[in-house]
Amino acid sequence: MGRFEDSRFEDSRFEDGGAASVVVLSPHLDDAVLGLWHVLAADREVTVATVFAGIPDPGFVTGLDRDHGAVESADWMRRRRTEDRAALALADLEPHHLDLLDIQYVLAGDPEQRALLDREPGRFLAVVRELVDPEARVAAVVEAVSALVRVHPRPCLVYAPLGVGGHPDHLAVAGAALRLAASGHRVRLWADSPYYLRHGLPGQLGGPPNPDADALLRQGIRAHAGHRLTPHLVRLDGAAADRKGEAIRRYRTEYPSLQDDYGPVPLPDLLAHEAWWQVEDTPAGAHAGAPPPVEQGQQSL
Ligand SMILES: [Zn+2]
């Protein structure tokens, strides 16, 4: 068991640590709102960039999008971009949509892979791991976000998800952020929400013991072995949690599937918790480490 895996979470509020600018890297449209509302809603200029917001070629629909109600993935993605704009407007923010493709669209570009995933949708993450080079994916994200980060005054505070659940797009953004840390930016990783809450609130966050939830969080941290991570927890007050709930409901295309997975009742209470880690150092040679085991049912992250 690593030194940092079981550290206590310290209660915190948003503060920028003296950074000259703040950039939030959201893997998909909705991840930043779901996990990092306290930063988006802060009384501070914040840039929110969705990394895998590219619109795929027209003429096909992935099994995942079809399950969520889509007829064509390109059209679905345009709708999701519009919803993102509406959700971020509640925090007075304008979205930045980068053009890298969601991993499901990368695979779907190959009809053979598309057919395979249609037959076995539950193997989504396993198939991705067989076919996609994670290092190349991290490098693509670094390139895509570096221009964005460069235009902001330094030191820049960069937020990225930890990668709880092991989705390759989330891990790629985390890996890219850790490279930015190695080049002098300040980096914080947030707990991918609601995926880290799949088994309820982790006991480490101050509730009753919850071994399954704690184990899931530990898995996410282990994916970044070699980096010093200090845990923090923000508890949104009632008004902020309500506002966050309203923003989440503006993602109309994805909200029903979130409800299917997590249920409408416990979700708002759980989502008032926003856990994050300060990356304290990035020793030379530290890397993303081995991917955590596949968590079934998390292919919609
Ligand atoms: Zn995601």
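Strand pairing and burial

Reply: Val23 stands opposite Val158 in E5. The model is a predicted one, in which local features need pLDDT of at least 70, side-chain atom pairs count only at pLDDT 80 or more, and totals for chains, interfaces and linings use all residues. Residues are numbered from 1 along each chain as its sequence is written.

Me: Which strands are joined to E5 by bridges?

Reply: Two strands pair if DSSP finds at least two bridges between them, and the strands (E, at least two residues) and helices (H or I, at least four) are themselves DSSP runs, numbered from the N terminus. Here four bridges join strand E2 (residues 21-26) to E5, and the two run parallel. Strand E6 (residues 186-190) is joined to E5 by five bridges, again in parallel, with Val158 standing opposite Val187 in E6.

Me: Why is strand E5 described as largely enclosed by the rest of the structure?

Reply: A residue is buried if 20 or more other C-beta atoms, placed from the backbone, lie within 10 Å of its own, exposed if 12 or fewer, and partly exposed in between. Six of the six residues of E5 (residues 156-161) are buried, so the strand is largely enclosed. In a regular strand the side chains alternate between the two faces of the sheet. Both faces of E5 are covered, with Cys156, Val158 and Ala160 buried on one side and Leu157, Tyr159 and Pro161 buried on the other.

Me: Is Glu83 buried or exposed?

Reply: Glu83, which is found in helix H4 (residues 73-89), counts as buried because it has 20 C-beta neighbours inside 10 Å. Leaving aside neighbours within four places in sequence, Glu83 is in contact (C-beta atoms, placed from the backbone, within 7 Å) with Arg250, Tyr251, Arg252 and Thr253.

Me: At what angle do the axes of helices H8 and H9 cross?

Reply: Axes are lines fitted to C-alpha atoms, for helices over the stretch in contact, and angles run from 0 to 180 degrees between N-to-C directions. The axes of H8 (residues 134-150) and H9 (residues 168-182) come within 8 Å and cross at roughly 60°, which makes H8 oblique to H9, given that angles under 35 degrees count as roughly parallel, over 145 as roughly antiparallel, 65 to 115 as roughly perpendicular and the rest as oblique. Among the residues that make the contact are Val138 and Val142 of H8 and Leu171 and Ala176 of H9.

Key. Two residues are in contact if their C-beta atoms, placed from the backbone, lie within 7 Å.
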